[in-house]
Amino acid sequence: MGAAYFYHLTQRSMEDTLAMLLGKARGAGWRVAVRGREVARMAHLDDRLWLGQGFVPHGMAGGAHDAAQPILLTTQGDCPNGATCIMAVDGAEVSAEEVARMERVCILFDGYDPEALDSARSQWKRLKDAGAAAQYWSEESGRWEKKAET
């Protein structure tokens with residue numbers, strides 16, 4: 001049974017945090033679906049992952065090789081690459097069933113965006129009420145610290 005890890009971003013950008021978490025997920029041998037809500041935003045993350053520090057092999061969903069991508073950026077709810085980890089950004093929804101089925105679900109949200117905070121709080125409550133395991137991580141001290149767990 002997996003767990004949802006909520007990452008409350010206050011020090012680092014979404015792009016930098018996502019790249020760091022993707023590196024850790026790949027180090028664990030997981031295939032990853034990065035789930036967002038807008039195609040343009042996913043294209044931006046695609047560009048940043050190619051330009052960032054270190055090589056993060058990935059692809060955008062909708063191509064001929066989706067199943068072969070170790071990391072697939074998508075706005076859809078399916079995981080054609082056989083992902084065992086979902087990283088949800090920008091308020092993308094994740095169900096309690098997905099949390100149970102995956103090795104890990106990471107929910108990244110901008111701590112300075114009131115809409116993102118509300119969305120993360122609602123998602124935390126929905127997953128907790130559905131019996132999903134969840135952890136809340138904050139970087140307000142400058143390093144990641146676990147602040148709550150269900």
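**Aromatic ring pairs**

Modeller: Y7 and W144 are both buried, a term that denotes under 20% relative accessible area, as against exposed at over 50% and partly exposed in between (1.4 Å probe, protein chains only). The model is predicted, so local features need pLDDT of at least 70 and side-chain atom pairs count only at pLDDT 80 or more, whereas totals for chains, interfaces and linings use all residues. Residues are numbered from 1 along each chain as its sequence is written, and side-chain values use heavy atoms, with hydrogens and water left out.

Rings of Phe, Tyr and Trp (its six-membered ring) pair if their centres lie within 6.5 Å; planes under 30 degrees apart count as stacked, over 60 as edge-to-face and the rest as tilted. By this rule there are 4 aromatic pairs. One of them joins F6 and W124: the ring centres are 5.2 Å apart and the planes stand at 70°, so the pair is edge-to-face. This pair links distant parts of the chain, with F6 in strand β1 (residues 4-9) and W124 in helix α4 (residues 114-129), 118 residues apart. Here strands (E, at least two residues) and helices (H or I, at least four) are DSSP runs, numbered from the N terminus. F6 is buried, at a relative accessible area of 1%.

The rings of Y7 and W144 have centres 5.2 Å apart and planes at 90°, so this pair is also edge-to-face. Y7 belongs to strand β1, and W144 to the loop between β7 (134-138) and β8 (145-149), 137 residues apart. Ring pairs join Y7 and W144 with Y5 and W137 in a cluster.
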